Amino acid sequence: MTTVPSHPPALAGRRDGAGFWERVMAWTCSVDHKKLGLMYIGCGLVFFLVGGLEASVMRLQLARANSDLISPETYNQLFTMHGTTMVFLVGMPVLLGFGNYLVPLMIGARDMAFPRLNAFGFWLFIFGGLLLYFSYLGADGLYGAGVAPDVGWFAYAPLTSRTFSRGNPTDYWILGIMVSGFGSMTTAINFMATIICMRCPGMKLMRMPLLVWMMLVVAFLVLVAIPILTAAQAMLLFDRQLGAHFFNPEVMGSALLWQHLFWFFGHPEVYILILPAFGFVSEIMPVFSRKVIFGYPLMIAATVGIGIISLGVWAHHMFAVGLGPVLDSFFTASTFLISVPTGIKIFNWLGTMWGGKLEFTTPMLFVTGFVAMFLIGGLTGIMLATVPFDWQLSDSYFVVGHFHYVLFGGTIFGIFGAIFYWFPKATGRMLSDRMGKITFWLMFIGFTLTFMPMHISGVLGMPRRIYTYELDRGLEIWNFISSIGVPVQAAGILLLIWNIFRSLRKGRIAGPDPWNAWTLEWATSSPPPEWNFDRIPTVTSARPLWDAKNPENPDAHYV
Amino acid sequence: MAMLIFMETLFFSGFIVTYLYYIGKSPFGPQPMDVLELGPVIVNSVCLISSSFTVIFAVRALRRGSVGAFRVWLLVTILLGIEFIVGTALEWRGLIYEDGLTIRTNIFGTNFYSLVGFHAFHVCVGLIILIGIFILSLFGHIKPARDHGRVDVATWYWHFVDVVWIFVFTLVYIIGRVPQEAVS
């Protein structure tokens, strides 16, 4: 920390004249929210490649019927690791990373409220992730060789009991997720304290950028949901290591209890993963429509509504368990209810685009793709919330298609849009827009090829989590199309990586405000100095930079 | 700190709900009404709950500026907390060696040791915080004018541990001891 000179660019790693170790130390010892944010995003993207690789192997296996490319055991490990990685080691850290980078800048603060706690959270996340992957090397147990957890990302009891899960890969799963969960909780505390206490003068709650609002709700959800998961995992650990009986049906323990506890965490979790992406869309879309966001207070109300309702929908993952008509109807109703605020958001985004002067730059393409894909995912979600429909298709490929539309078409498209939008801010250079557009179309086409047919193979009766399927069930063609999409997406992602590395050296210099945007992060230089703002800004409306650029017609007149 | 406590509350609520769910569902082995004795637990509870008051006195003393009284009250709090831990340890010793109830015996044992054990663990964490403050004050690092707010916030955790105990006590020693027939 002490080695940082008085006027460094944010990417100290690219500073001239610094020794290698000095540069390493500048990053690893940093408590700067911007460096931590970038490290979050960077590590998250590395895990994204790993998780993507796991998915590719699975798709390769499923490309034709009766394939024996990999063994059923390997397949089980792959889908467990893929799901766990994507949820806990990609979605959470990348979104928290963006929040880390952007929240202090957007509210005109110099750093997060607790910078050291922030660094602590990051290192917990990274070591939790490494602990999970260490199971490939270290979880020998009875197998005699390293094995990964193979219990699915939601680790249903009694699959996780010692009888069915020999050795200790499941213990690695528990501990890895628990450790990174502690990291997320500390970060959530930090977000709340920062957003509530560190806003610059004039930044009232109703003038905050929507992304900041979303991060506030996300922090709340993290605080509610993750401790429950931690408690459930502690019980599971007791079961496995101390011989306790929480989830052991033989002595009146309950396997159902795990499902309740897990999904009480699990459903808020999906909103933790999607709300920040909503925030990206709400920031990017107005800028490239050259209009204010449509229905700003309603967006906030919808966000808070989603946050609250999401705590009461968890059992819609459990209809097939047989909860009885009363509970089933309750959770169907609450799930329908939560689609209302989500629908409000979609209409507000459309209202923002309506009549705007649209500029389809790469970030705008991604967020437009987001709205379309997320809408499809949302609609299949409503279908699945209907109990009879769910009974028919629960745990089929239809469900796989549904949540990939939400989490890939939604969250990942949002993240990619955010990468293109804020890359100039973080590095001072633009990403190539031409390559970006190619990336978008490759991703979009590949994504549709892979996940759209999954709905059909699901309806035709293909269950999820099987390592192969038989001929002549009508499943070959749809699985083949799904697998064809993978290399197309991979090409898009590789192009993005190439784009990032090339633009870091040769990209066009961005300047402080390349998109002619309105929120405070564009008021400082790109990349911002360590202290963010030379003078703490004072704002009078939700669009401080609009006011600065158009003093004759400031927003403050209208709010 | 308020948010940390919020989070911890959720963590405990997970265990408490589980405990409630399993009350009277432990078909064999020692039953709560047979093995849990109220006498020693009430002594422990009185100690723990009164320690919440003594820590308030300590903070008030610090706010007045009298570091001496602060140290005395803080020490009393710490001793009361240690009594609670020792009392729990003795109770567990009796349960394990005389009644043969361990975490693997039955579902009651599983729940009992997890919930009470996690609470005792949190009491220990609280004690470590208080002892840390006490040691700092012995070396003169606690300045009343500067630090009374900080110490106050630190004692919130102690109050939280107490409140959780009230819930745990009600659940384990009162509701949980009602004979099964009365529940069903």
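Guide: A:Arg508 counts as partly exposed, because 13 C-beta neighbours lie inside 10 Å, a number between the limit of 12 or fewer for an exposed residue and that of 20 or more for a buried one. The model is a predicted one, and the values that follow are computed from it. A:Arg508 is placed in the loop between α14 and α15 of chain A. Once neighbours within four places in sequence are left aside, the contacts of A:Arg508 are A:Arg429 and A:Met430. For A:Met430, the separation from A:Arg508 is 78 residues in sequence but 5.3 Å in space, C-alpha to C-alpha.

A:Thr519 lies between α14 (476-506) and α15 (544-549) of chain A. Is A:Thr519 buried or exposed? A:Thr519 is buried, because 25 other C-beta atoms lie within 10 Å, and the limit for burial is 20 or more. Residues up to four places away in sequence not being counted, A:Thr519 touches A:Met106, A:Pro209, A:Glu283 and A:Leu545. A:Pro388, by contrast, is 131 residues from A:Thr519 along the chain, and the two C-alpha atoms are separated by 46 Å.

The loop between α14 and α15 of chain A also holds A:Pro527. The peptide bond that joins A:Ser526 and A:Pro527 is cis, with omega about -10°. Another cis peptide bond joins A:Ala157 and A:Pro158, where omega is about -5°. A:Pro158 belongs to the loop between α4 (115-138) and α5 of chain A.

A:Asp472 is not a glycine, yet has a positive phi of about 60°. A:Asp472 sits in the loop between α13 (433-459) and α14 of chain A. With 7 other C-beta atoms within 10 Å, A:Asp472 is exposed. A:Arg290 likewise has a positive phi, near 50°, in a residue other than glycine. The loop that holds A:Arg290 runs between α7 (255-289) and α8 (296-309) of chain A. A:Arg290 is exposed because 11 other C-beta atoms lie within 10 Å, and the limit for an exposed residue is 12 or fewer.

Helix α5 of chain A, residues 169-197, has 29 residues. From first C-alpha to last, α5(A) reaches 42 Å, close to the 42 Å expected at 1.5 Å a residue. Of the 29 residues of α5(A), 22 are buried, so this helix is largely enclosed by the rest of the structure.

The largest nonpolar core has 187 residues, and those touching the most other members are A:Val212, A:Met215, A:Leu216, A:Ala219 and A:Val222. Helix α6 of chain A (residues 210-242) gives the most to this core, with 24 residues. A:Ala219 is in contact with A:Ala188, A:Phe191 and A:Met192, its neighbours within four places in sequence being left aside. Another core, of nine residues, lies apart from the largest one and has A:Leu62, A:Leu78, A:Phe79 and A:Ala148 among its members.

At the level of the whole chain, the assignment divides chain A into domain 1 (1-30) and domain 2 (31-557). The centres of these two domains of chain A, taken over C-alpha atoms, are separated by 31 Å. Chain A has a mean pLDDT of 89, and 95% of its residues reach 70 or more. Over residues 1-14 of chain A, however, pLDDT stays under 50, and the model has 25 contacts for them beyond four places in sequence. Where pLDDT is low, the predicted coordinates should not be read in detail.

Chain A also meets chain B: 22 residues of chain A are in contact with 19 residues of chain B. On the chain B side, the elements that give two or more residues are α1 (2-22) and α5 (107-138) of chain B. The largest share of that side, ten residues, comes from α1(B). By type, the side of chain B that touches chain A comprises eleven nonpolar, six polar and two charged residues. The model as a whole scores ipTM 0.80 and pTM 0.88.

Note on methods
Residues numbered from 1 in each chain as written. Chains lettered and ligands numbered in written order. Predicted model: local features only at pLDDT ≥ 70, side-chain atom pairs only at ≥ 80, totals over all residues. Contact = placed C-beta atoms within 7 Å. Helix = DSSP H or I, 4+ residues; strand = E, 2+ residues; numbered from the N terminus. Nonpolar A, V, L, I, M, F, W, Y, C, P; charged D, E, K, R; others polar. Domains from an automatic or database assignment. pLDDT = per-residue confidence, 0-100. Expected span 1.5 Å × (residues − 1). Core = buried A, V, L, I, M, F, W, Y, C linked by C-beta atoms within 7 Å.
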